[in-house]
Every structure is written in C-alpha cells, then in structure tokens.
Amino acid sequence: MSFQRVTHKVTVGNAPVTVTVNMRVSQLQLEGVTVSTGYQKIDKQQITGSATVITAKDIQQSPALNIMERLEGMVPGVVFDVRNNAIQMRTQNSYYGDAKERMPLVVIDGFPAIDNYLTTNPTTGLGRTDKATNNSVINNINPNDIESISFLKDAAAAAIWGSRAANGVIVIETKRGKVGAPSVSLSTAVSISEPADLSNLNVMSTKDYIEFEQELFDKNFFTDPASHWRTPDVSRAQQIMFDAKNGKITTAQRDQLLAELGTRNNRKQLNDVMLQNAVTQQYGLSVSGGSGNSDYYVSGNYAKDRPVFRSNGTESYFANVRVNSRFLQNRLNLSTYINQTYSKSQVNMAAMNSLQPGQFGLRPYEDINDPKYLMFTKAVTDSFTRLGYFPWSYNAIDELHQSKTTYRKNSSRINVALTGHITDWFSLNVDGTYQRTGAMVEELTKENAYATKQLVNEGTSREANGRLTYGVPKGAILKLSNVVSQDYTLRFGFNFNKQFGEHSVHVLGGNEFREVKSEGYTQAHYGYDLQTSSGIVVNPTTPYKTYLSTPTVAFTKTLGYADAIINRPITRYLSYYGVANYDFKKRYFVSGSVRFDDYTELGLERRQRAKPFWSVGTRWDLTKENFMSSLLPVINNAALRFTVGTAGKVPVGGNPFSLYNASAVDQYTTLPNGTISTPGNPDLRWETSRTFNTGLDLRMLQQRLVVAFDIYQRRSTGILVNMPMNPTLGWSTIAYNTGEMKSNGFEVAVSGEIIRATDWTWSGMFNIAYTNTKVTDNRFGTQAVNGPTYVGPLVGYPVDRLFAYRWAGLDERGQSQIYNAKGEKISSFAPKPLTIDDIKYVGRATPPTTGGLMQTLRYKKLSLTARVAYYLGHKMFYDPVGAPQLPSGSQLSGYLSTAKAMADRWRQPGDEANTNVLGISNINFNSINWFTTSDINVIDADNIRLQQVSLSYALGSLGKRAFVKNMNLGVTAANVGLIWKKNKVGVDPQYVFTSSYSSLRPSPNYNFSMSVTF
Amino acid sequence: MKKSFLIYAFGALVLIAAGCRKYVEVEQPGRRVLKLTSDYDALLNSVFTMNYGYSLPPVMADDFEVTDVVIEPRITNAIRMAYTWSENVYGDLNDADWDRYYKQIYVCNQITDGVMTSEGGTEEQKRATYAEARVFRAAAYLDLVNMYAKHYNEATAATDLGVPLVLRAAFEGVNLTRASVKNVYAQIKTDLLEAMPYLPPQPFRSTEASQMAAFGLLTRAHLYMGAYEDARRYADSALKRNNQLLNLAPFVSGTAFPPKLSQPEVLFLRVNGSSSFVHYAMSRELQALFTPEDLRWRVYTVPGTNYPIAPTFAGRGYVGHRLVLIDVASGALTGPSVPEMLLTKAECLARDNKPQEAIDLLNMLRQNRFLPAEYQPLVATTADEALRVTLEERRRELMWSGTRWFDQKRLNQEPRFAKTVTRTFLGETYTLAPNSNRYVLPIATKYIQLNPEIQQNPR
C-alpha cells in the first residue's frame, strides 16, 4: 500500500493555514489496471513490456468449474489446453520438451508455486499408478480468491524471473481485505452435465462387428477354446462359429443365432449402468474487512465433483487467511498469508474400461450383467471354482465396488512479508514462504476384485491330496505411496522510490534463497484385512507355486515388487535480482531488469551453471506530446512500447561428466547397482534466447475502445539437439547445443463498449494471436528417416512441422503402399530405407492463429455473455480405424477395433480399387504405420468453438442499510459445441475418435451460480 | 537507531549471501558425477544392463521350429526375419542385440577409463572392479564376434571382418572400422587373462564376474577357435572352481525348481535378451533326440498345449527359464555353465582320440539327468563315435541357450558335420546351406548410414 502526502491550503478565518494530511490511497481510486510482476505492481499505463491482466471481474464473468476453462480464449497469445492441462505462452523456444517443460512459471503472491499447474488432474503424476483421466479436476488455487492474474509474455518478464521464466510467467495475486466494516460474501454454484452420447461414437453396427469377427474366424485368427483347457474363452459370436465348424449346430442355425446377436446393442445399458450425470457443487464463504492498522481477508471453499464415470469423485477444501498489519506509525508492515488445501479423489477404472477396447471392454452385443471369462472358458473356470479357487471371472458392475484408488493431497502455504519503511522513499523487506504438500495414493483392490483374484488364483497350487496352497495371501491388496514436498524461499530486498521534480526513480533489488525437496516411498500389503487394517508380511523374492504346478512339476513365481526405494531429491536456487524504472513527466519511461540465477545442477562448473539475464524497455506516452493534442478528443491515450531482453535455460539432459544414478538395491542379488544416466559431454552450454517486443496501446472515444498491439521476434541459439549417435558408441542419441531457431508473432487485443446507455450496454472483447517458428540451423543430418513422426527439426521448417507419407493405395494383399520421391510404389512387405525426400511436409501441428471473442449484452440488471475460442491453420493426423486395436500379432483377444471405417476394409483382391482401409490378413507393422501417418489421413484441424454462454442477473447494491448488500444470480452453459470446423470428414479436431469414450466430446455443462454479499 | 540496525542487518545478509554459491552445491542422494569406486562397481551390478544378451541366435538355430499356425501371426518382425534367415533383418530400426552389447561395452569402458583414478576405494577394490569390467567386455565381444562375423578360421581370421573394437568411452575419435576376427579374439583373451589374477575364484552372485566366469568364457572362445587343447585346459580350470551339477530328480516329484541365482551349475549368469519372443517351440529334430525318461525332457519341456504363455500350441515347448516365473532375470540362460565345461572337455578329449575319458564325463553329467532306476550309461568305442555322442549330448543339454547356433556355424566347417537346414513359414520354404552367408547376421543399415566405415556383411 502506498501513501501520498497531500498538501491542502485551508483558510481558517482570514489566515491561510497549511495542513498536511497523510492520505492512504484507496485501491478503488487507482485508475486502470495494475500488472503484477511478482516483485512489484505497475500501472498498466506505465508498463514497457507485453502483459495481459485478467481481473477478478473477468474471472467471475466466466463461471466454469475449471480455472483453465475460464481463461481459454481470453488471453491473446496464450493457449490453454484444457484437455491436457497444459499452457503454451507464445511460441516454444526449444526443439524438444513436452508440454510440461513448456509451461510458464506460475507465481502466487510473489513466490513461485510448488507445482506449475493451475489445475491438477487427480489421477496423473502422483505415484505408482499412471492411469487415464477420470475427468475430475482440482483447481490448485480457488478461483474465488483471485484478485488478478497477470500474463507476462516478453523478455522484460522473463529476465526478472531468470532461468525458469523462459516460457513466460503467470502471476496470480490473491484478494486482500479492505478497511471498513466486515463484508461477508457467500457464493454457491452447481453444475450438471449428462454423459456424452454414446450414439455419437463413430463405430460400426453390431452386425458389422460380427461380420468382422467372422472374417477373422475364417482366416484362422482365433483358437478353438475346446482345443485345450488353457485356451482363453472366445466371444459369443466366435463360439457360435466354432460350434458350426465343429458340427454342433447347422450353418442355418449359426446364421440365425448370429443374426439374433446382431440385433443387440449394449449402448443404452452401458450408459445406464456405468455412467451418471456429472454434478459439481461449489460453496464459498469469505469475510473481509479491516480497521486502523490492520486488514484481513478470510475465505473458505468446498467443492465436490462427481464425474460421469460411476464410482469416481473428487472433493476439495480450501481455507485462506490473509492479515496485513501496520506498526510503528505505519513504518513497519507485516503481511501474513496462510493457505490450506485438501483434496481427496477416488478413482475406479471399471466404468471407463467397459467402454474402451481391451480385455475389459464390452463387445457391442455383450450384456454387462454377464460375467466375462478372460482366462478360460466358463466350464474350466467353474471347475476351478469347485476346486476352491476364487471365481475366475470378471464383471464390470462388481468391479465398480471392488477396487478404488484414493488420492489425497494436502498442501499448506505460508507467506510472511515484513517491510520496513526507513523513509517514505526507501524500504527494506524480508519475505519468506514455506510450502508443504503431502500427496498420498492408496490403491485398494479388494479380495473379490479381478486383479486380486487373478494374482491369488495364479499363486494357488493343488497338492496331491486336493488341498490348496496359497502362494499369495488371500485377502485384499493395498498399495500405498506417499510423497511429501517442501519448498522454502527467503528473500531480502530493498525498495527505493523517489520523485525528483519531474523525474521519478524506482529501484528494487535483492537476493533470494530457495530450496525444493521431496521425499517419497511406496509400500505394498498383501492379504490385507479391511477390518483390522493389517496385512501379511511377504517376501517378494521367495518363489511360490503357481496354479500350473502339478504334484510332479512345479511352476513357481515371485511377487517381485521393490518397495525399499525412498526418493529424496533436493534442489537449491540462489538468485540476485534488480529492477529499475525511471520516468520523466510520466511521458518517457525506461525500465531495466537483471537477474542472476544459480542452482543445483550436477556435473556443471560454476561458470557454466549460472548466467545473468537482462532486459531493457522504454515507453513513450504520445498523448502527452503537444503534437497529439488535436487528436485527444478521439485518441485519449496512445503509447509506444519497446523491450529487448535475454532468457536462457541451463542444459539439463546433458553434462560434461558422466552422471551416476544409483538404483534401488536389486531385490534378488541384494547388490547395490546403478546406471549411467547421462553420458559425459564436455561441450555443453546454455540454451539462450533474445526477444524483441514492440507494442502500441491505444485508448479511444472516451476510453470506450481499448486496443493493444504487440509484435515480437525471438531468436534462440545453442538449442540442445539430440544428435543421433551410433549405438556402437553406447548411446543412440547425445545432446549438443547445435540448434538455432527464430520465432515471431503478433497479438492484438481489442475491447470496447459498443453501446453505453443507462439501461443498455453492449461490450465486447476480441483477440487474435499469430505465431510462427522456423528452424534456422540444425546440423542433425536428417537423411534417413524412420517415418514422418520421427523427423527431427529441419532447417527452413517450423518446429511443429508435420510430415506424412505419400499414400499409394493398397496392394493386392490389402496392405499399405507408399510412393517414394521417385514416384515408385513401396510395399509394406519389402520396406526400403527412406530419406527425407520420400515424405512430404503437410503443415504445422499446432495452430498458428488462435484467439477468442467475448460479447456481453446488458439490459438493466440482466446480462448475457457469450465466449468463443478459435484455433486456425494447423493440421493433424486422423486415425479412422483405431489402429492400436487392429488385429495384429498381439491383439487378437478381447474387444476389437469397432471403428466405423473398418466396415469398409479390404476383404479380397480387387477391393484395393475402392478402399484405402487395410485388410486384416497379412497385416504388418509397416502397413499400419504407413496408413495412419500418410497424407490421406491428414486433416485440417481449424475449428471455432462456442465455449460458453451465460446469463446473469445482478441485483446490485440494495443500499447500505439493507441486510443483503449485493446479490448475483447466473446460469451458464459450457462446452456448448463446435461452431465451425474446416475438415470435411466430420471430426471435431479436439476430440478425435480413438474408439473409446474418453475421445467423445463432453455434453454441454449447465452451471447455476449465486453469490450474496452481506 | 532502529534504522541503522536494519541497514546493518541487511548489509550483513547481503554479504553472507554473496559468498554463498556453495549453497546450491548440495549433495543429491543417489545421483552424482561418477567418481566413487563403489559407483563404478555398482554399474556392473545392474543386471538389466549387464547380464542380458542376444535374442536372435536361438531363433535362427535348428532347435526352434514353428509348426502351429497359431504362433505364426504372433511372431514379430525382427524375429520373423531372423527365423527365415532373411536378407534384411532389422529394416530401418535399431538392432536390439547389437545395442545391448555395445551399451555393456560402453559401461565397461567407462570403468576401465576411470575406476583406477576414482575416489574412496582401496587399490585392491579398484583393480577388482577393473578386472570385472574386462570380463563383461570380453563376454560381450565373444557373442558379438560370433553373431556378426564368419566363424573363426585360423587361415583367414586375420583378414575376416570382426566387429568394431571400442575400448574407451568416448564419442569422438573412436575408430568404428571392423577389427579382424583374430584381433577381436585376441582382445577377448587379453582381457580375460589379464583380469584373472584380480578376480575372486567364485563370485558372491553368479551375475558377477569371477575366475569361474572368465575361465568359462576362455573355454568357449578356444573351443570356437578350434584350439581344443587350450579349451580343455581352461575347462579344467573352470571346473576346479565349480564342478557342481544340479540333480534333476527331485523336480519331477513336486520340488520347486531353484531360482536362477541358486542354480549351482551357472558359472556366469547371462540371459537371452528378448522380451517379445516368448514361444520357445522345440523343433521336431530336437524332440527326437530325447527319450521320455530324460529328466531334461520332463522338467525343462512341456507339451505346447500346456505352455505357460497363451496361446498354447501343438508340439512341445522349452520352459526351463520359466520354471520360476518372475526371477532375477527373465529369458533362458546363455552364459557358460558346468555342464558346458564338461561337454566341451569331453569334445576335446574325443577329438584327441580319448573316447573313454570323453564318455565318462558325459555319464557323469547324465547321472544327474535321469532317475537312478532309469539311468543307462552311454557307450562309445571309437573316437568318432564318442565325438558324435558328445555333440548330441551337447545339443540336449544346452538346448535353447543359443549356443546351438554357434555350434552349427562351427561344425559346418567340418564336412562330416555340415548340415542343410530347411524350414517352412507362412507357406514358404527357406533353406540354409552349410557355411552360407546367412550364418552371419547383417549389421543394421542405420548404423552403416551413420558411420559408413562399418562394412556390411554379404548376405
């Protein structure tokens, strides 16, 4: 909080008296928006760099469940990939790295967040199980507590946050209390959506599926379960076919039975039994206020999320306390912030598995109530049961209750900031933050869960007297994993802020220590009893007899798990930073920043480990110049901005010395063992980039139209490239700093009030961003290629290049052929080494043009908002057949590919004239790979989506005396759908068919919200 | 007063911080620059990296035969190509066997380059680790030279192309030209013999290098070189350190088979590296060599219809390596063993015209391979007969270890043992003539594109 000394001349009687009053500037009086860099807050009108600010009001206007969804399309140049929980700011500045490595740095109230995500999917990245999404999402920060989010996009931002900010910075400021009477605010929201419509799955009919099985049957793909007791069971349709073949039924009977089977369809049943309406509830309460020397903001929030898959759910709790206190005539300011988050989420895969190909998936004609026999036929399974084994069958409905994985995450964050104002222009500060996150995964599979039955039955042998010996203890299996992460930062800084006549100077600097460490371990308990919470101690390396053992021959097995690992990674950071801002007459602004980062990185000398980064910027407020005065009635404000700065990344993934990585002690040999994780390579240095950003800010027509325009160029050098190495030297790739690339782009954001009347307003926001990248140097000779998806970065092409094979149709065996550069057809049975010339460039894999549009129409207290996001100009591969489920060598059992296109497959010689869909005999890896990555399956991915439509009713202020001071009601529809797509194959580019439910576009989500302030 | 205190306090903190780059140089548990002697030693203990070997030789050998159509579509590309002795085996892809061995060689070279100057170990420990690394390196080269080069022939070995001999861990300035077969063998012998004095006679675990492992490898190398006198001498040295045999009798009455680490016969635990190839179907020719009483037949093989991995098949399958399903390493044992030493010694004796001594050794082995009631000693009167009987016993005893492929290569050089192999797969018939170029695996095209100085084998 800043103080302003205001001098008033007051006349007392006849004598003028000068009274100096210390006034505290109220936040409400600050004009415009402030940008927070995490170290300082700057008026948007004074900033030299490129930044977008999303305010609490903007966030509230878009009441989606997920904070990422609320932001999608709102920030020019920032792409929020809600489905993959990734954020991409401007362009990538490296060749490799996954979405996680390209995430911008997230700073909350001045300190980097412990994990760089705005939301977390509870089922990923938490421990031993890495399962697919269950659709639940936990916001890592409560959207209701956010005051503002600043997106810092250029080098001015990167330089101040150093080596971790090469991908941009997101700075979140949380709400603070305001001096005054306590204000209590209550908010609640409920949202409901139906399961996605299974009839939208692009699958073949039951009849076609049976016909598909028939073809495989005729071509001897299946083994008759009657041939041996250990032959796995086959589908109902296949059983009918075997019965006919074995003469048990006549051909006519077979056809009749199959025809009857062909009329069945279990979609409705699956929908009714395995899916449910998704319901999310959120309740929030906040109290804020303050008086005299302190203010406070206290809030609590509870959210419950029930996804479409049954037996899944997430609950989360937030609590925040923020207190600011001023002591010693306001010279000492203490700010304390405590945040506690707890979330619990339960995952069960049964519903999801029943809807996707694989051994647990249901064939279109199967009844979900019927047990599935996965190991043996029913008769063999029953005889095992009679011997005392657990029933060796699977039922998806039972499975909903037999296993669950619980993820618990408990995180606390404490910030303490102490600022001492030595004079009114100089202060010193000591800030500290401590974060602790405990993540616990509890994977329980009960005694009757299929996985447990499978393990126990397999470890059960029968002795000569008929008695059963259990090698694996009977009972449930409980696997636990626990990770505790701790992160502290301590910062010592100074702040100098003084006006010298028309010059004003603001300098701040300091240093920072940070330590991030974590500790994690796993445990497995077999024979676990839920009543007594105890398991049986087992030796994982002792062999036990399996069910295949006979009184004469013993087949044995060990459990073979390794629990003795305790992970304790630790990283420390040391930084020095400085920022200076200078302005003359609030007309010419100059800013500069410098930061030096050092951190724990093995194998690097001090000299190579740390590198200073800097930025400088200027801003010229044109409207303060005389020559602009005539334009003032139209252009209220115009400013030109320019920044240049550097950023860099330490070469992780390469080291001058070979790094030794100790592995867990081998359970069998009991010997300590290790591997070389990174080979020594003395030529490594930093990846660096230099960014130029120029911008123009315009405010026109009584501030009704606001335009911001930014154009930037970035040059990255010394990019680490994984050079292919001859494996004869021990490694197949080695990282070298040989890459160079350029990227550029522009962003335009326009917002304005089109109609501004007492009863009516029409306001809107539109933004567009364009990015382009080009590889300018890459010595990696990409001559030999192993397919379009393995092409390395190529000089002259964008980094996100997409290449494809040239399709040459099917051959007379129904398998793929491609053309090489000379136009010769190549058969999948006789592949030849290909070079880069043999494949073709088809476009970029990420959208070059992105943006959003938001329109709000208000009539009195009612307003209607619609938000659109668009992604244009990119290409993608579309796999019409569900290639991973094609019957190849390893995939012959279970639920086969049901892709609709498979109904048009090649069946006999001659069909190649009419179809491009592979036949199933002679299928081979090359053929599948060529088909899925050839030019016939490249589609335009351009799409425009209506993200959200919301209607809200703001009761507004009901007067100071009224009990209820303010009230808002809202209804929102999210995921409303696709407005336009460019491709003609009927594919939503964000939800490409992969044969399973998870690829279906979610149904619209309806959200009802209410907030009341007392 | 307060003001100055704050300034002093701040100034002091800045000074402390300035000298604090050490702050970030914190030790990481389990992750560091390779420097401790114990780190170098631990590199050799990574079973997954160091003890897995070839996968293709057992597929190409005549012990394996696919007779049931059920398995045919389940065989992956490289295995299919190897099984039919195709011209091109790996397509555009890496050669997993080659990569595995050269990774082991890289690790060994890291050790031989650095262990002597490492920290925290005694001179004795360093020399022991150095010696062990040379045994692992020799083991890798012995397999490589037999897979990718013509069989050792004293007359042409100095000019026959072997494999690139990489003896230091570096990425630049390494000569990848293929060394001659003779030089590769010379390096193997030098490594093993120079390492010998520093090795323990017996290891703590059979996954580790020891004198018995080194003598086992020397025996194998000299047998392949046709140096029968030396081979016999080295076999004796190996047997002096370990001559235990595992009597198979208890395992037909329900006793659980010992896990690999507890098998007394193993001199050096090395296993087949394939993970995708799982159906070890026995050729009809191999099946015909067994009598039903043979315990190896009863313990190590099962009817295909009872094979532990789906789908089951017609015929008979080898399960010796699967008797303990999850073990220190999966895959069939491929390293030197006590029976191999006995069989090599017997072969050398037979070739030295000592038939009775040879047969006595075989019978010593066979007493552990039959129930006492069913045991019948072998007899042979002439040296030729003894040799024939020995080779037959060798084939039975070492089935599915992959050495059969190298024996085929080796024996083809003697016209009396030369043999043409034919097999039918997916309706086509393939023939492998004695001494055919197809006995020498090609080098992956990819590697030659990266380093054209590596010469390709004629196919």
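Author: Start at Gly814(A), which takes a positive phi near 80° in the hairpin of strand 40 and strand 41 of chain A, with 5 residues between the two strands. Before going on, a word on the model: it is predicted, so local features need pLDDT of at least 70 and side-chain atom pairs count only at pLDDT 80 or more, while totals for chains, interfaces and linings use all residues. Residues are numbered from 1 along each chain as its sequence is written, chains are lettered from A and ligands numbered from 1 in the order in which they are written, and side-chain values use heavy atoms, leaving out hydrogens and water.

Now the strands themselves. Helices (H or I, at least four residues) and strands (E, at least two) are DSSP runs, numbered from the N terminus, and two strands pair if DSSP finds at least two bridges between them. Strand 40 (residues 801–810) of chain A runs antiparallel to strand 41 (residues 816–819) of chain A, joined to it by 3 bridges. Look for Trp807(A) there: its bridge partner in strand 41 of chain A is Ile818(A). Strand 40 of chain A also has 5 bridges to strand 44 (residues 839–844) of chain A, again antiparallel. In that pairing, Ala804(A) has Lys840(A) as its bridge partner in strand 44 of chain A. Strand 40 of chain A is mostly covered, with 9 of its 10 residues buried; buried means under 20% relative accessible area, exposed over 50%, and partly exposed in between (1.4 Å probe, protein chains only).

Elsewhere in chain A you can find an open sheet of 5 strands in the order 5-12-13-8-9, with mixed pairing. Its edges are strand 5 (51–55) and strand 9 (111–112) of chain A, each pairing on one side only. Strand 5 of chain A is held by 5 bridges to strand 12 (residues 146–152) of chain A, running antiparallel, and there Thr52(A) stands opposite Phe151(A).

Loops deserve a look too. Glu625(A) sits in the loop between strand 31 (611–621) and strand 32 (635–649) of chain A, and Glu625(A) is buried at 11% relative accessible area. What do the side chains of Glu625(A) and Tyr588(A) share? A polar contact of 2.5 Å, meaning a pair of N or O atoms within 3.5 Å; within protein, one must be able to donate a hydrogen and the other to accept it, and residues adjacent in sequence count only if both atoms are side-chain atoms. The side chain of Glu625(A) makes another polar contact, 2.8 Å, with the side chain of Trp620(A).

Next, charges. A salt bridge is a side-chain nitrogen of Lys or Arg within 4 Å of a carboxyl oxygen of Asp or Glu, and the count over all chains is 70. In one of them, Glu211(A) and Arg905(A) have their closest N and O atoms 3.2 Å apart. That pair links distant parts of the chain: Glu211(A) is in helix 4 (residues 206–218) of chain A and Arg905(A) is in the loop between strand 47 (875–877) and helix 13 (925–932), 694 residues apart. Glu211(A) is partly exposed at 33%, whereas Arg905(A) is buried at 2%.

Now compare Asp382(A) and Lys378(A), whose salt bridge has closest N and O atoms 2.9 Å apart. These two are 4 residues apart in helix 9 (residues 378–387) of chain A, so about one helical turn separates them.

Finally, step across to chain B. The two chains meet through 82 residues of chain A in contact with 83 residues of chain B, contact being heavy atoms within 4.5 Å. Where do strands of the two chains pair up? Strand 33 (residues 659–663) of chain A runs antiparallel to strand 1 (residues 31–33) of chain B, with 3 bridges between them. In that pairing, Leu659(A) stands opposite Val33(B). How many salt bridges does the rule find across the interface of chain A and chain B? It finds 0.
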